[in-house]
Amino acid sequence: MDEFRLLGPLEAVVDGTPVQLAAAKPRAVLALLLLNRNRVVATEQLIDELWGEDPPAQATKTLQVYVSQLRKSLGTERLVTQAPGYLLHVGPDELDLERFERMTAEARSQPPTEARDTLRQALSVWRGPPEPVAARLEELRSAAYEDWLEASVESGDAVIPQLEELVAREPLRERPRALLMLALYRGGRQAEALELFRRTRELFVGELGIEPGPELRELEQAMLRQDTDLRLKPAGREEPERRRRSTRLIAGIALVVVAAVGVAAALVARDNDSKDAAPPPTTNHSQAQLRSFVFTLENFLQQSHEGRVEALRVLRGAFDCSLSPGVAAAQLDSVQENRQSLLEQLAALHVPENDEALRISDRLQKASHASIAADWIYRDWLRTKTACVRGSKTPAAARRADARATALKHRFLAVFNPVAARLGRRTWDADEL
């Protein structure tokens with residue numbers, strides 16, 4: 001059976017024989033093709049990855065030589081030329097990265113004790129640091145390690161030393177700090193947990209000029225009020241579709257106030273522009289429902305604003321080189337997870353049977369999804385970079401997605417702001433969301 005290994009030094013075994021890959025550039029070509037397995041990788045992209053902004057005059061010819069060398073070892077049917085570049089065929093279970101990704105995906109839908117064991121098995125697939133061109137895979141290992149720590153905390157395991165080590169190694173990463181706070185709290189060390197938050201706030205304000213994120217702040221408040229949701233859940237009672245982040249469990253966070261508005265209901269998609277300027281008359285009861293709905297959305301919009309500020313901070317850090325592309329991609333991934341959780345809660349809002357409310361809901365859903373989709377493009381683009389992106393041209397797909405998101409935000413605000421103003425609430429600008 002053929003086998004390819006990216007999670008550590010690059011290795012390839014074809015027909016039971018290890019492939020000799022001594023030179024750095026051919027190794028990099030193979031790694032790039034494996035990262036983009038079973039789809040065409042453009043010649044231009046490979047040249048950019050291999051030589052950056054200053055490729056040699058004969059870059060295309062040199063790349064063809066590297067591909068020819070690889071084809072002799074891998075087989076002509078496996079590595080094929082296909083416009084506008086090359087395609088590497090990789091079968092099921094032939095690549096260690098796919099096995100790793102499958103196990104980490106399985107862990108997300110398992111209860112904590114099972115997830116802990118699955119993630120431990122996934123992490124054991126790693127053999128060391130990956131090839132430089134595949135350095136972004138380190139972020140996958142870091143995320144899986146944090147998932148394992150989270151599952152361990154939720155299983156009641158003693159992992160405080162590992163969390164302390166991770167916090168010391170990654171001082172600006174919020175998730176390990178939240179997990180350490182929770183582990184300390186559950187270990188009867190509430191004062192230490194709150195002191196950790198105080199030091200975290202001091203660090204973030206001093207180093208970054210920003211407050212800790214909303215999840216850390218909610219976690220501190222939950223500890224101060226000794227929220228019962230912080231307690232370790234008894235074995236056998238874990239929710240199968242459990243957390244993606246432990247702090248997401250804390251006090252329902254972010255939009256738990258929506259419970260005061262009503263039970264979850266499906267959003268009804270309506271988009272009738274002709275009614276924007278002349279809302280229909282409403283009864284006192286429906287007006288009260290609309291007022292409650294707008295109040296609830298204010299909380300969502302504030303959370304959305306905070307997520308947008310964080311995303312912009314990370315992107316600025318990537319472009320001014322204060323953050324490496326890998327770190328920026330990982331931080332953006334974390335921000336995006338928080339924003340994604342807001343979408344899930346938005347979808348569960350009770351929407352009054354009122355034309356204005358229905359239009360507001362529909363347009364907010366579309367604008368929020370578009371904004372998050374644009375930032376996923378930036379994250380994926382950063383994952384392909386190994387050096388500072390200062391001066392780089394942002395991907396055209398991201399610029400188009402940004403433009404679409406901005407247009408949808410304006411359409412949302414065209415219906416939301418008049419209602420908010422009529423009710424005496426604040427209005428918003430598109431660049432705030």
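**Exercise 1. Classify Asp93 as buried, partly exposed or exposed, and place Asp93 in the chain.**

Step 1. Asp93 has 37% relative accessibility. The classes are buried under 20% relative accessible area, exposed over 50% and partly exposed in between, with a 1.4 Å probe and protein chains only. Asp93 therefore counts as partly exposed.

Step 2. Asp93 is found in the loop between S6 and helix H4 (96-108). Helices (H or I, at least four residues) and strands (E, at least two) are DSSP runs, numbered from the N terminus.

Step 3. Now the backbone: phi of Asp93 is near 65°, a positive value in a residue other than glycine.

A word on the ground rules. This is a predicted model, in which local features need pLDDT of at least 70 and side-chain atom pairs count only at pLDDT 80 or more, while totals for chains, interfaces and linings use all residues. Residues are numbered from 1 along each chain as its sequence is written, and side-chain values use heavy atoms, with hydrogens and water left out.

**Exercise 2. Describe Asp15 in the same way: location, phi and exposure.**

Step 1. The loop between S2 and S3 holds Asp15.

Step 2. Its phi is near 55°, which is positive in a residue other than glycine.

Step 3. With a relative accessible area of 68%, Asp15 is exposed.

**Exercise 3. Work out the order and pairing of the sheet formed by S1, S2 and S3.**

Step 1. The order is S1-S2-S3 in an open sheet, and the pairing is antiparallel. Strands S1 (3-5) and S3 (17-18) stand at the edges with a single partner strand each, so one side of each lacks a neighbour in the sheet. Two strands pair if DSSP finds at least two bridges between them.

Step 2. Strand S2 (residues 11-14) pairs with S3 over two bridges. Val13 has Pro18 of S3 as its bridge partner.

**Exercise 4. Characterise the hairpin of S5 and S6, including the loop between them.**

Step 1. S5 (residues 79-82) and S6 are antiparallel partners over four bridges, and Leu79 is bridged to Leu88 in S6.

Step 2. Two residues lie between the strands of this hairpin. Pro84 sits in that loop, and the peptide bond from Ala83 to Pro84 is cis, with omega near 10°.

**Exercise 5. Find the residues that touch the most other members of the largest nonpolar core, then examine Leu34 and Leu21.**

Step 1. A nonpolar core is a set of buried Ala, Val, Leu, Ile, Met, Phe, Trp, Tyr and Cys residues joined through side-chain atoms within 4.5 Å. The largest one has 70 residues, of which Leu6, Leu30 and Leu34 touch the most other members. Another core, of 21 residues, lies apart from it and includes Leu297, Phe300, Val415 and Val419.

Step 2. Leaving out residues up to four places away in sequence, Leu34 touches Phe4, Leu6, Leu10, Leu88, Val90 and Leu95. Contact here means heavy atoms within 4.5 Å.

Step 3. Leu21 is in the loop between S3 and helix H1 (24-35) and is buried at 11% relative accessible area. With the same exclusion of residues up to four places away, its contacts are Leu10, Ala12, Arg27, Leu30 and Leu70. Leu21 and Leu70 are 49 residues apart along the chain, with their C-alpha atoms separated by 8.7 Å.

**Exercise 6. Count the disulfides and state what the link ties together.**

Step 1. Taking a disulfide as a pair of cysteine sulfur atoms within 2.5 Å, the count is one. Cys321 is joined to Cys388, at an S to S distance of 1.4 Å.

Step 2. Cys321 lies in the loop between helix H11 (284-319) and H12, and Cys388 in the loop between helix H13 (355-383) and helix H14 (396-422), so the pair ties together parts 67 residues apart in sequence.

Step 3. The angle about the S-S bond is -45°, making the link left-handed. Cys321, at 28% relative accessibility, is partly exposed, and so is Cys388, at 37%.
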